[in-house]
Amino acid sequence: MIVLAIDTAGTGCFAALYDSDKDIVLGAAGADIGRGHAERLMEFVDAALEAAGIDLPAIDRVAVTIGPGSFTGIRVGVAAARGLALALGVPAVGVSTLAALAADRPGPSLIAIDAKRDEVYWQRFSADGSAATPPAIASVEAARAVVLADGEALGGSAAALLRADAGAETDGVSIATVARLGARLDPEANQPKPLYLRGPDAKPQAGFAIRRA
């Protein structure tokens, strides 16, 4: 099965083509761009296809990171994945960024991503990478208490915020891991939809009304 994997949930914008039968990444492209995912994503998809030496009709599945992460980036990635899957007549699956980070770690782990505003996104995973708790958002103080009480392996960009001896990490996920997880997931149970654990920053302007004609 050929999987097109897309990751726009963080500051990076990445695409890769993965052959699940051979367990190899055929081609990948992308960069840590900060912003402008909507303008660059298809450029990276085209570059990944060219690197893989295949055309869009060869794709059997589309996998995309669904968050938690950047609101704008997640919307861009999920919309693109749905659109491509619909156009190609193939299934699309959503991959949690927390699960992708956990998949690259041996043993039980607690993954924590810096959500800013003195908060973290976090989730606990079993040794086989399956979710042991639902994804959640908590204050750094509350999450630190959970970590101190448990003592399992800690990973993610918020690791250093929660435990002094944890190494500094970025919030980026491996696009190869996203592709591998996407190839294993059940499309019916993992349709791509944004995983928002906090409301959007933008709020309607108070006191503003639209005048009816």
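Q: How many salt bridges does the structure hold?
A: Side chains of opposite charge can pair when their charged atoms come close. The structure holds three salt bridges, a salt bridge being a side-chain nitrogen of Lys or Arg within 4 Å of a carboxyl oxygen of Asp or Glu. In this predicted model local features need pLDDT of at least 70, side-chain atom pairs count only at pLDDT 80 or more, and totals for chains, interfaces and linings use all residues. Residues are numbered from 1 along each chain as its sequence is written, and side-chain values use heavy atoms, with hydrogens and water left out.

Q: Which residue forms a salt bridge with aspartate 23, and where in the chain do the two lie?
A: Aspartate 23 pairs with arginine 180, and their closest N and O atoms are 2.9 Å apart. This pair links distant parts of the chain, 157 residues apart, with aspartate 23 in the loop between strand E2 (12-19) and strand E3 (24-32) and arginine 180 in helix H6 (residues 175-184); helices (H or I, at least four residues) and strands (E, at least two) are DSSP runs, numbered from the N terminus.

Q: Where do glutamate 43 and arginine 40 lie?
A: Both lie in helix H1 (residues 37-52), three residues apart, which is about one turn of the helix, and the closest N and O atoms of their salt bridge are 2.8 Å apart.

Q: Is lysine 116 buried or exposed?
A: Buried means under 20% relative accessible area, exposed over 50%, and partly exposed in between (1.4 Å probe, protein chains only). Lysine 116 counts as exposed at 53%, whereas its salt-bridge partner, aspartate 114, counts as partly exposed at 26%.
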